[in-house]
Amino acid sequence: MAESTDLLAEAPAGFAAAVNTVNQLPQDILAELVHEVLDFLECRVGMVDTLSLHKRVSSIDVKRLQGAVNALVFLFREAVRASVDAQQLVATLRSAGASVWKSEAISVLKHVWNERREPILAGSVAQQMLNIGQLIKFDWKLGVSVQSSKVQSLSRCFVSVDLAVADPTGEPKTHTFEMNVAEFKAFAQKVKEMAAVLETV
């Protein structure tokens, strides 16, 4: 029997409820969803389309479907990180208890992971998924350009951002950029959208 790993040790809040939603999906739709999640992790698609998924399983609301997608993204990202095989994945899911993962869902996850695991781990895709860096520091300042060598009266507001990011080797790198007011408002809106998605997990 394969040994279970600790893939789910750092599962986010709401993970069990999201797994319950995964368990409610018909097997064919779950298989397609897992393929789409793996395509997302391989950067083949920009996002998992929960709205079209909702059209096929309208009995489950979009927020719960997004939670299911997030749970699968977490699970398979951790599976790549730990380089688990299909048997280890199954052992891990079963160790969570039958009340969490249903055998039908486990069967689908095992089948798809068995099919997709080797190409993912063999390629540079696994490196891309894992080597994303870690945010160390986020500093910002609001400034006003009053004058420049080319313009006497500039009076332009801007936001300057300094990001310190540790690369996969732990080496910190600083990235600095400036945004005008319109760009900053668009950036702030994107951060709000990300926060709203995080609330669904």
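1. Basis. The model is predicted, with local features requiring pLDDT of at least 70 and side-chain atom pairs counted only at pLDDT 80 or more, while totals for chains, interfaces and linings use all residues. Residues are numbered from 1 along each chain as its sequence is written, and side-chain values use heavy atoms, with hydrogens and water left out.

2. Fold. The chain has eight helices and three strands; these are DSSP runs numbered from the N terminus, helices being H or I of at least four residues and strands E of at least two. Their order along the sequence is α-α-α-α-α-α-α-β-β-β-α.

3. Burial and surface. Of the 201 residues, 33% count as buried (under 20% relative accessible area, with exposed over 50% and partly exposed in between; 1.4 Å probe, protein chains only). The chain exposes about 12,200 Å², of which carbon and sulfur atoms supply 54%. These areas come from the Shrake-Rupley method with a 1.4 Å probe, and for residues only the protein chains shown count as cover.

4. Contacts. A contact means heavy atoms within 4.5 Å. Among contacts between residues at least 6 apart in sequence, 61% join residues at least 24 apart.

5. Helix α1. This helix spans residues 15–24, and its buried residues are F15, A18, V19, T21, V22 and N23. Their cover includes α2 (27–41), α4 (62–82) and α6 (103–122).

6. Aromatic pairs. A search of the whole structure finds three aromatic pairs. Rings of Phe, Tyr and Trp (its six-membered ring) pair if their centres lie within 6.5 Å; planes under 30 degrees apart count as stacked, over 60 as edge-to-face and the rest as tilted.

7. F15 and F74. This pair is edge-to-face, at 5.6 Å centre to centre and 70 degrees between the planes. Because F15 lies in helix α1 and F74 in helix α4, the pair ties together parts that are 59 residues apart in sequence. F15 counts as buried at 9% relative accessibility, and F74 counts as buried at 15%.

8. F76 and W113. The ring centres of F76 and W113 are 5.5 Å apart and the planes are at 40 degrees, so the pair is tilted. F76 belongs to helix α4 and W113 to helix α6, so parts 37 residues apart in sequence are tied together by the pair. Both F76 and W113 are buried.

9. Cluster. F15 and F74 also belong, with W101, to one aromatic cluster.
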